[in-house]
Amino acid sequence: MRGISTVLVVFFVIGSAVAGPAAGLVGSADAEPSVEVIVDGSSVADGGRHETNGNDRITVDAAVNGSAPEGTTLEEVVVRPHFDPGNNTVRVIVTDTAGAVNSTEFTVYKDSDPPHVFLTEPYETRPWYDITDGNVTGTNHTLSGELLDDSEVDRITVTHEVGDYRNVVAQSDPGENVSVPLELGYTPAVDGTNRLRIDVSDEFGNTRTYRFSIDATDGESPSISTGPLPNETANNRVSLTGTVTDDVWVASAEVTVESLNNNESTKTTTLVDREYNTTTDGRTLEFEEDVFTLYPGTYRVTVNATDVAGNSTSESYTVERIPSEELDRSPNVTVDRDRTVVTGPETLFLSGSSFEGVTRRLVVETRDATGETLDYQVVYSGDGREQVEFDREVTIGEELTTVIVRATGPDGTEVTERFRVNGSSREAFVDEVEPDGEVSHPTVSVTHLQDERPGTASSSLTVRRAPAGATVTAPPADGPATVAGTANVTLSELDLSVASETDLTGTVVVRDRDAGGLAAPPDADSAGTVSIQHSVDSEQVDELGMTVEVDRSYLDAHGFDPADLSVYRESSGNWSELDTTLVSTDDGARYRVESPGLSVFALAQTAPENATDGTGGGDDEPDEDNETDGDEETDGGTADIFVTNVTVNRTEAEVNESVMVNATLRNEGDATGTYTATLHTRHGLNRTFVAEEAVEVPPGEERTARFTTQFDQPGNHTASVNGTQAGPVVVSEGGGLLSVFSFIPLRLVGLLLGGVVGLLVVLTLVRFVLRRVGDDGSEAGG
């Protein structure tokens, strides 16, 4: 017999013999038998390796060599295994009756040990040991570590719980490392510590679980960074912009303006005052505040910030108000066109303020079509204020009524704002009129600021009453020659179109390569940047045009070809290439750019792979709203999400009474996207961030973002979600019995009170009669 079949068990082994050569052939006695070893369905060669964690089937196929002498058969198949966790050597020896021998040796690795994890962030732990509890400063961290296993790690899951918050992140085929963003809860302010669990499994199903906790504390004071302020100015007002950051939570911040010449009292404005919570990122606060410098002299501007642990930081700056040839302290008057509404045929709710200059007297007057005065109210009369706000009801006629707001400056000059309303149609701002001598609108001003940073130039931009649909241009004809510019890069012109009548204040910063660290899209080289910080909601901006000029020798020195440069716009962390036209190269490179909004712009060479043609989506940054517009691209399409309507559940409320605000979000794109809805409230000129909510909206559908807020001051308030407004909400002081029944007519209240008094009288008489009857009965019984 030339072949034998044998079965040996190593875990589970099957052996067999295959017939030798055909009869009549003469062969060599030294011809080795053939051997093939198959483990779990896969062939293993001599010196090979196989990994397992269980009892795999091993099949040995052996046969006499075709060159062996006739009549040769297999004599013996020997398998010599040794199996323990780890590496095991398996040897298969086959001999035939002619004395020829062949052997195969390979390794079987038995993996019964789960993977190990050791951390490198937010703190380090030892390999092969349990993960210990830790303490860190700050709340924004990354959980990073290395994965140790002799086979392949199949899956790792990180679960984070703190208070009512729970987040689970799972990664498949993570390789040898794990990295998961970790937003920790601030331990002193939450119920308990941060509880973490890591479950890690290898390809054979061996699983190990780690449980540990992390305490997060606040180890650093907040930091304050502000935009450039002029060292000296001849204007009544300068704009202070900046950012407060903390490693945990910015609890409060304020700006204090103090006149060092004692010409006016100190003024403090609260930027934010909020309690810590785990659902909102409160590590950053962006602000823009007007600083009024009404009189010549030195002003000290101080920004104070306090974090959740009580650590405080302050930064102070000085501004010198220089006298001009004609020192003008006349105020400006503005009417809030969103909050001013006709509430009835004979009632107008009027809101606005006088600001920038000094107001000695402010009056509101209404006149009917014949010129007869219907209402006359003195809002303020005194020694003078830099800002006077008004929220009040005034009487109007049923037809056209002229509304006049008149502010008197310190030298007796009057500044007037006029407009018409229609009581019967409840329409405000009908056929607006300009009094004789009034400055025509819009007005545009550009002031170059002193900026000592290398390769950097800054300016302040102010636009008053930019009309809807029209385009305003900066700089104005009677202003400086450019908006802002360094020796190499210049923003020579800016054209802005808005959706509705708008006031805008902003700071423009231009930087070239001498500044270092220029913003740029990935894989692109930036020749210069333009950053525009501004005060308007992104929905107000319809279109923006810019003219950018770059010195030709500067481009040549840095290896830039003018034809290869394009302008990119940063939006929510992403860069989009804008429509850029190279207008001329005569005295340098001159570019014309069209953009859907204000933002950070980079003039860069070589388009990044993730940049898209067109205008892109999203809001610009920096922006005080810190909002996104819902344009989100995915592999399956683009989400186009926007706010369609904002409503409040009541238009009248008492101080600190809850008001619900609902915003309807619609997605007109073809992919699901996430929209961050941000609620702000406004009272007078004070705009306050309340809350934000991220809402996922499927394509073609609507979702609702729901908020609850309160108002701590009486007056007229509005609520807006990403620029779309609701209201006004009229807030009253409340209190007292009559306030409880304020919705009941006064005559009915009188009837109710009279009925209660009458009932008390009747009950008293009945009680008296019953007592008398009882006394008479007692006497009769006696």
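This dialogue walks through a few features of one predicted model.

Trainee: What should I know before reading the model?

Mentor: The model is predicted: local features need pLDDT of at least 70, side-chain atom pairs count only at pLDDT 80 or more, and totals for chains, interfaces and linings use all residues. Residues are numbered from 1 along each chain as its sequence is written, and side-chain values use heavy atoms, with hydrogens and water left out.

Trainee: How many helices and strands are in the chain?

Mentor: Both are DSSP runs, numbered from the N terminus: helices are H or I with at least four residues, strands are E with at least two. The chain has three helices and 55 strands.

Trainee: How do strands make a sheet?

Mentor: They pair through backbone hydrogen bonds, either parallel or antiparallel. Two strands count as paired if DSSP finds at least two bridges between them. Here, three strands form an open sheet in the order β48-β50-β53, with antiparallel pairing. Strands β48 (641–648) and β53 (702–709) stand at the edges with a single partner strand each, so one side of each has no neighbour in the sheet. From one strand to the next, the twist averages 25°. Its axes are lines fitted to C-alpha atoms (for helices, over the stretch in contact), and angles run from 0 to 180 degrees between N-to-C directions.

Trainee: How many bridges link β50 and β53?

Mentor: Eight bridges join β50 (residues 659–667) to β53. Take Met660: its bridge partner in β53 is Thr708.

Trainee: What share of the chain is buried?

Mentor: Buried means under 20% relative accessible area, exposed over 50%, partly exposed in between (1.4 Å probe, protein chains only). Of the 782 residues in the chain, 46% are buried.

Trainee: Which backbone angles deserve a look?

Mentor: Most residues other than glycine have a negative phi, and most peptide bonds are trans. Now look at the exceptions here. Asp173 has a positive phi, near 50°. Asp173 sits in the loop between β13 (165–172) and β14 (177–183). With 60% relative accessibility, Asp173 counts as exposed. Arg426 also has a positive phi, about 55°. Its loop runs between β32 (414–422) and β33 (443–449). Arg426 is partly exposed, at 48% relative accessible area.

Trainee: Where are the cis peptide bonds?

Mentor: One joins Glu121 and Pro122, with omega about 5°. Pro122 lies in the loop between β9 (116–121) and β10 (134–137). Another joins Ala474 and Pro475, also with omega about 5°. Look for Pro475 in the loop between β35 (471–474) and β36 (484–485).
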